[in-house]
Amino acid sequence: MRALHHFHGGIHPPSHKTQSTQLGIAVAPLPSKLIVPFHQHAGEAAKPVVQAGDHVLKGQLIGLPDGFISSAVHAPTSGTIAAIGMQPVAHPSGLPNLCATLIPDGREQWVQRNAVDYLNTSPAELQQTLRMAGVVGLGGAAFPTDIKLRIGKQKINTLILNAAECEPYITCDDMLMRERAAEIVKGAEMLRFMVDAGVVLIGIEDNKPEAIAAMQQAVTDSGMPFEVVTIPTIYPGGGAKQLIRVLTGLEVPSGKLPTDIGVQCFNIATTYSVYRALAHGEPLHSRVVTVTGNVRQARNYEALIGTPIDGLVALSEILPDCNGYIMGGPMMGIPLPTAQVPVVKATNCVIAASDMLFPPPPPALPCIRCTRCVEVCPADLQPQDLYWYAKARDFGKAQAYSLFDCIECGACSYVCPSHIPLVQYFRFAKSEIHAREKEKQSADSARERHEYRLHRIEREKQEKAEKLAAKERAAQAAKSAVEHSDEGVTK
Ligand code: SF4
Ligand code: SF4
């Protein structure tokens with residue numbers, strides 16, 4: 001049995017998971033309209049390659065990856081593109097984003113799908129296939145999977161499949177493992193092949209016994225030397241650095257990536273999507289979403305990307321007093337600006353909120369330096385100091401106190417007896433630093449452009465003066481040649 005390790009801190013919030021695991025995954029009905037954003041992943045938005053009026057097939061490419069970190073976007077069903085335009089999306093800013101509105105024709109007619117013989121395909125081609133299949137991390141960050149597979153010369157010793165699903169309420173990965181374990185293990189074989197890892201560990205928290213049993217059976221049936229490891233339930237045990245620590249004892253140093261210490265991690269639902277993309281030629285066009293909270297029947301649904309969230313939660317029957325929706329879990333999720341926003345690749349859970357489930361926090365009081373936030377911080381930070389610097393807008397100091405090692409898990413806010421929304425201060429400080437860096441970059445490039453322009457004007461001036469001088473010298477030479485020849489004639 002594998003010896004497990006511990007990470008610093010962590011908390012045990014009520015899990016609220018059993019409500020949504022009483023029934024199996026249901027396929028959500030085809031909605032009358034799908035709204036598909038072109039920016040559903042980390043990096044640059046995909047570039048639309050269809051226009052209003054086009055008829056598309058299910059799985060047809062509608063957005064081309066644009067830039068190194070980007071991913072493709074596909075039509076989730078067959079139908080007609082009614083519009084390409086700005087629509088509200090699930091984003092903390094609440095700002096609209098470019099989306100395709102697709103009216104389904106009800107036929108679910110697929111494009112041609114081609115399976116890939118991955119064992120006889122180069123890593124570069126497999127990465128390109130996954131990029132064009134729109135496969136991104138489904139654990140919430142939506143980072144393009146092909147980028148995580150571009151590991152260059154680094155040697156990956158251990159591949160970790162993250163099935164911890166540590167955040168309360170969310171059960172989509174749990175249900176996926178219970179119902180589709182064999183496919184997940186095949187996806188793990190593909191990922192192992194692509195990163196050439198010697199060891200494959202599948203980390204699952206001990207509050208998911210059915211998923212653990214299903215995965216163990218699938219691994220045994222596959223004959224692969226993969227290890228299903230039961231880990232203690234503690235939040236945020238599903239953070240990549242925390243899971244690596246628990247499973248291997250290794251520490252990812254500040255500012256470094258898991259690949260720097262020979263480890264790579266993929267979420268379990270992402271692994272399933274890799275399998276669908278390579279074994280069936282299916283782009284990422286749907287996902288399992290937990291619908292829970294203030295609803296009559298919490299459940300997991302397999303929903304097409306672009307499904308409006310109001311229609312999806314209605315399947316679970318919203319109870320009175322619902323006062324909004326959260327996408328993700330209660331610790332790291334974001335409140336939705338409106339329930340009309342669509343399901344995107346990062347939508348692992350939608351919680352119907354109410355005052356009873358999430359009572360409004362009491363007003364924040366001054367910090368009493370109790371250090372409870374320090375005790376629970378899984379990144380070993382000093383949240384009370386970070387709070388002080390973020391509040392004082394001393395961002396340089398906040399960075400010096402490793403602000404960017406904060407994984408925004410919210411454990412510090414959860415335990416703070418003064419009810420200080422610490423994580424909100426940290427998000428604010430990070431976004432301010434990013435905005436200032438962006439401003440500085442554009443000021444630097446504007447200054448460079450200005451300096452280049454001055455240099456060009458000066459150079460053109462000089463060239464002009466040199467040309468004029470050369471012209472004058474030539475005229476002078478011609479004049480004196482004529483004078484000399486005149487003198488010769490006179491003589
Ligand atoms: S838990 Fe709250 S009150 Fe205690 S030290 Fe941290 S920020 Fe201050
Ligand atoms: S939100 Fe950041 S500072 Fe707070 S406990 Fe989590 S990692 Fe630590």
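**Close-up views of a predicted model**

Tyr118 is buried, with a relative accessible area of 14%. Everything shown in these views comes from a predicted model.

View 1. Phe193 is partly exposed, at a relative accessible area of 28%.

**View 2. Tyr389 and Tyr401 make a tilted pair.** Here the ring centres are 5.2 Å apart and the planes are at 45°. Tyr389 sits in helix H9 (residues 383-391), and Tyr401 in the loop between helix H10 (395-400) and helix H11 (411-415). That puts the two tyrosines 12 residues apart, and the pair links distant parts of the chain. Are they buried or exposed? Tyr389 is buried, with 16% relative accessible area, whereas Tyr401, at 32%, counts as partly exposed.

**View 3. The largest nonpolar core takes in 78 residues.** Which residues have the most contacts inside this core? They are Met194, Ile202 and Met215. Helix H3 (residues 172-195) is the top contributor, giving 12 residues. Zoom in on Met194 and you'll find it touching Leu126, Leu130, Leu149, Val274 and Leu278, leaving aside residues up to four places away in sequence. Another core, of 19 residues, lies apart from the largest one. As background, nonpolar side chains tend to be buried together in soluble globular proteins.

**View 4. Lys148 lies over the face of Phe266.** In this view, look for the lysine above the ring: the distance to the ring centre is 4.9 Å.

**View 5. The second largest pocket has a volume of about 400 Å³.** How many residues line this pocket? There are 25, and Arg180, His285, Ser286, Arg287 and Glu302 lie nearest its centre. Helix H3 turns up again here: together with helix H6 (268-280), strand S13 (286-293) and strand S14 (299-304), H3 is among the elements that give two or more residues to the lining.

Technical notes:
Residues numbered from 1 in each chain as written. Chains lettered and ligands numbered in written order. Predicted model: local features only at pLDDT ≥ 70, side-chain atom pairs only at ≥ 80, totals over all residues. Heavy atoms only, no water. Core = buried A, V, L, I, M, F, W, Y, C linked by side-chain atoms within 4.5 Å. Buried < 20%, exposed > 50% of the residue type's maximum accessible area, 1.4 Å probe, protein only. Helix = DSSP H or I, 4+ residues; strand = E, 2+ residues; numbered from the N terminus. Contact = heavy atoms within 4.5 Å. Phe/Tyr/Trp six-rings, centres within 6.5 Å; stacked < 30°, edge-to-face > 60°. Lys NZ or Arg CZ within 6 Å of the ring centre and 35° of its normal. 1 Å grid on protein atoms, 1.4 Å probe; cavity = no way out; pocket = protein on both sides within 12 Å on 5 of 7 lines; lining within 4 Å. Points joined across faces, edges and corners; volume = space filled by probe spheres on them.
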